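Subject: Structure handover

Hello,

Here is the structure I promised to pass on. Please open it alongside this note.

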Amino acid sequence: MSKKDKTQQMEETLSEEQLNKEEQGQQNEARQEDEKQEENISSEERLKEDLAKEKDKFLRLFAEFENYKKRTSRERMELFKTAGQEVISSLLPVMDDLDRALKEISKSEDKELFKGVELIDNKLRETLKSKGLEEIEVKQGDGFDPEVHDAITQVPAPDKKMKGKVLDVVEKGYRLGDRIIRHPKVVVGQ
């Protein structure tokens, strides 16, 4: 082989190696670009997932706050409805005393005294009624309901029809709004 051939062969080998290196470089660059795109895509996906998680957290927190506002609003309304419950409950014995006084005064001859006490009784009842107080109506012969009535005693019923029925109301019951603040005390037939 001549020097030219060797040189040419070497040049060809070198150019092939350069071509191979360039191809490998291009392939590496292409691979790196693909990896960058994958990284971009995966980082984009990660960001989307993070955003979705944060949106979910925000929506849950917002819903929880809305529930809190509704609950506190309901509690506040309930508090306003029953704010005077203690005061009204403490006035119930006074109403009972007025009822007993009216009963006794009606037996006397003094009609003016009866009218005066009756006016006071009516005024007190109307004032408490305006605040939401209602009397629980219980009559003799009504069915006994343990959720509403408070049975203080059981006595033998005068007839079979009166078994399990209210025979007498010892103390009136009252309701404030939807809540019973004092159960009527009754005698039940056995």
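Below are some notes on its salt bridges.

The model is predicted, so local features need pLDDT of at least 70 and side-chain atom pairs count only at pLDDT 80 or more, while totals for chains, interfaces and linings use all residues. Residues are numbered from 1 along each chain as its sequence is written, and side-chain values use heavy atoms, with hydrogens and water left out.

A salt bridge here is a side-chain nitrogen of Lys or Arg within 4 Å of a carboxyl oxygen of Asp or Glu. That rule gives 12 salt bridges.

Start with Asp121. It sits in helix H3, residues 111-130 (helices are DSSP runs of H or I, at least four residues; strands are E, at least two; both are numbered from the N terminus). Asp121 is buried at 5% relative accessible area (buried is under 20%, exposed over 50%, partly exposed in between, with a 1.4 Å probe and protein chains only). Arg125 forms a salt bridge with Asp121, with the closest N and O atoms 3.2 Å apart. Both residues are buried. They are 4 residues apart in helix H3, so about one helical turn separates them.

Next, Lys172 and Glu135 pair at 3.9 Å, N to O. Lys172 is in the loop between strands S3 and S4, and Glu135 is in strand S1, so the pair ties together parts 37 residues apart in sequence. Shared partners join Asp99, Asp121, Arg125, Glu135 and Lys172 into one salt-bridge network.

Finally, Arg100 bridges to Asp97 at 2.6 Å between the closest N and O atoms. Asp97 is partly exposed, at 43%.

Best wishes
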